[in-house]
Amino acid sequence: MLKKILTVDDSRTMREMLRHTLANAGFEVVTAEDGADGIQKLRESQPDVVITDINMPVMDGFEFIENVRKFEEYNRVPILVLTTESAPEKKQRAQSAGATGWIVKPFDPEKLTRAVNRVMP
Amino acid sequence: MSLDDIKETFFAECADQMSELETGLHEIQSDGPDMDTVNAVFRAVHSIKGGAGAFGYNALVSFAHVFENALDVIRNDLSQVNEARMDLLLRSVDVLSDVIEAERTGSEPEDSSGLAGELETAFGLGGAHEEEDEEEINFAPVMIDLEAFDAVEAPSGRTFRISFAPHASLYLKGHDPLRFFRELGDMGTLSVTCDLEALPKLNDLTPDESYLKWQIDFETERDRDDIEAVFDWVDGECVLSIEEIGGSPPDGDGENLDAFLQALEESGDDAAPADLVDIDDFGQDPETASADAPAPANPVAELVDTIETAVGANASGNGDQGDDGNDNAGAGSKAEKKEVKKASQTIRVESEKVDRLINLMGELVINQAMLAERIGQAGFGSASPTGLALVELQNLTREIQSGVMAIRAQPVKPVFMRMSRVIREVCSATGKRALLELEGEHTEVDTTVIEGLIDPLTHMIRNAVDHGIEDPETRQARGKPAQGTVKLSAYHSSGRIVIEINDDGAGINRERVLSKAIEKGIVARDAKLSDDDIDNLIFAPGFSTAETITDVSGRGVGMDVVRQSIQALGGRVHIASRPGEGSLFSMTLPLTLAVLDGMIVKEAGQTLVLPVSAVLETATLKPGDVYTIGKNNRVVKMRNSLIPIIDVGRQLGFSERRDDYTRGTILVVEGGKNGLGAFLVDSIEGQQQVVIKSLESNYQRVPSIAAATILGNGQIALILDCDHIVSHQSGEPGPEIIQSMAG
């Protein structure tokens, strides 16, 4: 069975880019538009890895990660943060929210795939 | 989906983000900053930058980056907003939009570094772009180095001893010790020992506590930084020490990765309960797992039970376990459920598909009218089952129609927002100062109308600032605020949308307009024109006051082009001016270009259609109802006022004036700003929905006729332009009649 990745990003372009890249790398991809949508999709799709943006409407990435970690059935799902922001305090916040890793946009398809494989259970 | 498709998506999204950005900044400018708006604005730029980076649009990325940083200053402290900064941000919107356009068309983007510099100065961004390891995967900046595997045979690097003791919280962040080892394995050779010393007896074991430690002897050509980078993301989640022990690994000369993994799996089996790791993770091969397990099969099952109960108990309340956020797991998930519900469901549909639906709907309306006609001819009464079924069909058609139209209806806001840029551009070109004020920007109208509106509106706004608003000194001298205001408003009125542009400028210079019009031969030298007629001369073809042509509103097109494009949409434009106080341009447009509810009337053998929305009431006249005013003007007293009687057939020039006004029917029609008119026709045939077919695109513009339609019997009928007829009923030809005679 294909490994499943949930991507959470409010930008349609990013969602399509991620889908394109990850599908090419042989993953099944589920997309969500913001944190709240992400929580719903997480429950529906039971992904192996989650990739999330930080800056999103409705529920931002930090809150999303915190919420995911509150479900005990999901608190071990690796969550990679994919964002244009690279400020150390943001990273710190993502980490304390429960993120597994941090990738800075724009992403290189190869590196992204490698990063995903690295955390893939 | 190919990359090109994604690019298209990107630019479509850019357009959305730009309108979001512009709207937001505008709101901040008029209502002051609030966090939600600032966040939305920031996100818009952020998103554009993110997508641009993915496609390597470097010019766009670098400008968006500075823009974003500027917005970040405001995001961090709302009091940082001031007028000069807002101006700069709004100008940045224009530049950003230009850069996007350049990237889209593949042309060379104009140099935006000047404005970027201004932004940096104004927002104290410290100039230097923090090129902070943008490309890096921070938690694991490691390349898969095949040579490292080759080198396994003859390791020639340094040896480190790493001791790694995860806290329980590490497991709660999606980490798995195995992955760190795997990653190290990519960089060199390692031997891993699991330290089980802290592992308590099963009965004393707390399932979500961490008991295991590892010692890794790692031989690599990389340096300490690379190793630290592997553990970068678990900084604070574990006790880590890395110590260089030099030479060659102490034992197990270069064990390969598989051996290490196996070792880990074995240790993992024992450790399973301790580190909250799913049993499945280790039991990839359950048989081996149970065979290798130190205890018999039964205790394993018991262990699973223990874990489940313990975890369950833990989740249901006392999250006393070190990590934040676990305490209110229950409450949290409830809140999420609500949030999830709120997320609205939208889909994006190509407009072609909707257009096809609208066309089909038009055909359906015609078809239904034909069916109704046939059913009538066949002698079925309206109360017969067939008649009732027809009524039901009509109701359904109507509902489908309004449903389909609602799909295409859009608020005028995006178009209005664009105008703020137009104003800024004109202001900077002319040195004038003007502010755009919006009203009713949420008014909805069909997209085709909106699209057709952009050009005329742009031109009129330009015109309003360029010709209407005075320069700041003049304004102050006249006791007006230095900054002019252009108010753009939209509202619905009798089934149409009205868009008004109201400026507080100088108004129209009637003397000059009139002399120009006479000079150009647009009106006769001795023509008696009202102020209103003179104002509206600016829309006459061939009228453009040459000396006022500027870079801004010149561009070789006059206001007649504006009038034509509005008329092409089935609309009208009118100007009212108050000298010294300003001008009011108003346009009325149909809400849709597809169908209308028509009142079918007969006049002198012709079938005509009036929009039902314009008809206020119908009546038959008695002899005493008609009064004569002046020479030939007949009026009827209705609704406590005298309404001019308009003999439609005669006004349109296809029948003689009738002598007896009591033969025939009166329709009291609302003629927009021109007041009421009592249209006199032979008879009313009924009401039906008609599909609007433009005359203009196939024939030419005909005064007093809005469009044509096809009736149920296949006959073609003309749809009357009621406003035009009412405004020209006096017999004294207005400018438009003059034009049509001239052209």
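In which sense do E1(A) and strand E2 of chain A pair, and over how many bridges? The first legend answers this.

This is a predicted model: local features need pLDDT of at least 70, side-chain atom pairs count only at pLDDT 80 or more, and totals for chains, interfaces and linings use all residues. Residues are numbered from 1 along each chain as its sequence is written, while chains are lettered from A and ligands numbered from 1 in the order in which they are written.

**View 1. Strands E1 and E2 of chain A pair in the parallel sense.** The pairing of E1(A) with E2(A) (residues 28-32) runs over 5 bridges. Two strands pair if DSSP finds at least two bridges between them. Helices (H or I, at least four residues) and strands (E, at least two) are DSSP runs, numbered from the N terminus. Val8(A) faces Ala32(A) in E2(A). Strand E1 (residues 4-8) of chain A is largely enclosed by the rest of the structure, because 4 of its 5 residues are buried. Buried means 20 or more other C-beta atoms within 10 Å of a residue's own; exposed means 12 or fewer, and partly exposed lies in between, with C-beta atoms placed from the backbone.

**View 2. Helices H3 (residues 61-70) and H4 (residues 88-97) of chain A cross at roughly 20 degrees.** Their axes come within 8 Å. Axes are lines fitted to C-alpha atoms, for helices over the stretch in contact, and angles run from 0 to 180 degrees between N-to-C directions. H3(A) and H4(A) are therefore roughly parallel to each other (angles under 35 degrees count as roughly parallel, over 145 as roughly antiparallel, 65 to 115 as roughly perpendicular and the rest as oblique). Phe62(A), Ile65(A) and Glu66(A) in H3(A) touch Arg93(A), Ala94(A) and Ala97(A) in H4(A). Contact means C-beta atoms, placed from the backbone, within 7 Å.

**View 3. An open sheet in chain B holds 5 strands.** The order is E20-E12-E13-E22-E21, with mixed pairing. Strands E20 (683-691) and E21 (705-710) of chain B are the edges, each pairing on one side only. Neighbouring strands are turned by 35 degrees against each other on average, direction ignored.

**View 4. Strand E12 (residues 595-603) of chain B runs antiparallel to E20(B).** The two are joined by 8 bridges. Asp597(B) stands opposite Gln689(B) in E20(B). Helix H15 (residues 351-377) of chain B packs on the sheet and touches E12, E20 and E21 of chain B. The direction of H15 makes about 150 degrees with that of E20(B).

Notes: Two residues are in contact if their C-beta atoms, placed from the backbone, lie within 7 Å.
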